[in-house]
Amino acid sequence: MKRDPVGKLLLFGATGDLARRMLLPSLFGLHADGLLPEGLTITGSARADLDDDGFRAEASKALDEFLPDDRKDADKIASFLQRLQFQSADLSNEATFAPLAEKIGDVSGGLSIFLSTAPSLFEAAVKGLQKVGLAGPTVRIGLEKPLGYDLASSKEINDTVAAAFTEERIFRIDHYLGKETVQNILALRFGNSFFEPVWNAQGIDNVQITVSETVGLEDRAGYYDGAGALRDMVTNHILQLVALIAMEPPARFDPTDIRDEKAKVFRSLRRIAPEEVAHSTVTGQYVGGASKGEIVKGYDEELGRDSNTETFVAIKAHIDNWRWQGVPFYLRTGKRMPVRRSEIAIQFKPVPHSMFAGRGGLLQPNMLVIRLQPEEYIELLVMAKEPGLDREGVRLREVPLKLSLDAEFAGTRRRIAYERLLLDLIEGDQTLFVRRDEVEAQWIWTDAIRAGWKANNTKPKHYPSGTWGPSAAIALTERDGVTWVDD
């Protein structure tokens with residue numbers, strides 16, 4: 001697509017944890033590699049009482065802490081810091097927008113805004129930007145999740161933003177879509193001819209998607225207790241992975257074509273009715289236990305009060321269309337799990353007839369595993385003959401054919417997901433950003449689940465920290481003859 005780089009970037013929340021850990025190191029990485037437009041200025045904004053030099057000093061500390069040692073080039077850091085300036089602003093105070101606009105100056109050459117703030121401030125932020133001329137046709141805005149907590153609030157946020165920005169200037173961010181391995185799903189599916197004939201209900205038995213975390217609440221208590229695992233992880237990251245696995249081939253690698261196909265998947269998700277929720281979903285909440293060799297507290301203890309917020313959810317989902325009819329998608333995410341992992345496992349159907357029956361062990365169906373983190377690899381499990389003279393019959397064993405992206409592209413620097421997303425925001429490429437109809441279709445599906453939980457008075461089942469969730473999650477798959485991939 002034709003890229004249209006802007007001349008200025010505005011970062012709200014520029015002194016926060018996300019900016020220090022991800023945004024500033026990502027922008028420096030782009031600067032160091034000569035990928036930022038020449039003359040691009042980066043204005044940081046937050047409530048902090050800083051001037052330009054103070055912000056540069058804070059940014060320098062963040063780069064020193066979070067950049068790998070081999071990327072700490074003093075000259076490049078110094079030149080990057082010269083791009084930075086700062087203007088204090090309180091988004092809830094309309095009077096602070098005029099000095100911000102004055103600091104940024106002329107935006108006829110284009111301005112990209114990265115807005116990472118509480119959804120409750122979106123309306124004030126957008127109206128303030130609009131009032132001082134920072135929402136015109138040369139301005140695009142990036143919105144960090146969460147975009148609401150249900151369909152109604154999401155529509156309210158989208159309506160607020162749409163009043164000032166047209167859809168082609170709105171970039172809704174899901175950082176999972178910036179991960180190299182996630183983008184590789186498209187290359188794997190649509191760049192290789194041998195998968196397509198079996199990438200359907202005739203060839204695939206089930207799909208499993210797991211996003212597990214070993215951490216607990218950390219510093220997210222205020223947000224997380226009002227959200228829970230379903231809103232925090234399923235509505236955003238996991239459903240985007242479902243769409244990439246299940247979408248039809250787009251005509252072109254084009255923002256409109258790709259997002260059209262993803263939206264069709266979300267509209268095809270079978271709504272889980274209240275009477276089906278107990279059989280198709282499992283909710284859990286971690287209690288005290290052992291995590292990474294340490295004794296840890298339960299959720300209520302960390303929170304400091306009793307709560308019914310789920311920290312684990314497992315769902316059996318279906319996509320009602322021609323390609324996927326009858327194929328279950330098992331989705332699972334949780335905190336205080338045994339390992340940190342994001343993974344897609346695609347279980348193919350077994351061969352229709354085995355000539356090796358009774359002569360060397362059980363023939364296992366093939367499986368394709370796409371690991372997104374912490375390692376990045378693609379692994380295909382196939383059956384192979386064990387070496388030997390076979391005097392007592394051919395013996396088969398499952399072996400992996402593994403492509404490690406870390407090893408295969410060892411000479412290529414692995415980029416932070418935000419590097420790609422920030423560069424696309426600056427250059428105007430919406431391919432890896434989420435469109436409004438996608439967001440609202442996702443909320444329709446997860447809102448139905450929450451309504452079912454409420455109708456059935458569903459309370460999360462307790463599970464010890466350091467385990468794979470409540471035992472009911474195991475039953476969710478095993479009653480279909482399927483086992484979660486936990487290796």
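Predicted model: local features only at pLDDT ≥ 70, side-chain atom pairs only at ≥ 80, totals over all residues.

User: In what order do the strands of the open sheet come?

Analyst: The general idea is that strands pair through backbone hydrogen bonds, either parallel or antiparallel. Here six strands line up as β3-β2-β1-β4-β5-β6, with parallel pairing. β3 (84-86) and β6 sit at the edges, each pairing on one side only. From one strand to the next the twist averages 20°. For a close-up, β4 and β5 share five bridges, and F114 stands opposite G142 in β5.

User: How do the axes of α1 and α3 cross?

Analyst: Angles of 65 to 115 degrees count as roughly perpendicular. The axes of α1 (residues 17-32) and α3 (residues 74-81) come within 10 Å and cross at roughly 110°, so the two helices are roughly perpendicular to each other. Their crossing is right-handed.

User: Which residues meet there?

Analyst: From α1 come L24, L27, F28, H31 and A32, which meet K76, I77, S79 and F80 in α3. By class, that contact has six nonpolar, two polar and one charged residues.

User: Is helix α13 mostly covered or uncovered?

Analyst: Buried means under 20% relative accessible area. In α13 (residues 417-427), ten of the eleven residues are buried, among them Y418, L422 and I426. Their cover includes β1 (8-12), α1, β4 (111-115), β5 (139-144) and β6 (170-173). Just after α13, G428 takes a positive phi of about 85°.

Note on methods:
Residues numbered from 1 in each chain as written. Heavy atoms only, no water. Axes fitted to C-alpha atoms, helices over the stretch in contact; angles between N-to-C directions. Helix = DSSP H or I, 4+ residues; strand = E, 2+ residues; numbered from the N terminus. Parallel < 35°, antiparallel > 145°, perpendicular 65-115°, else oblique. Left-handed = near helix turned anticlockwise from the far one by under 90°. Contact = heavy atoms within 4.5 Å. Nonpolar A, V, L, I, M, F, W, Y, C, P; charged D, E, K, R; others polar. Buried < 20%, exposed > 50% of the residue type's maximum accessible area, 1.4 Å probe, protein only. Pairing = 2+ DSSP bridges.
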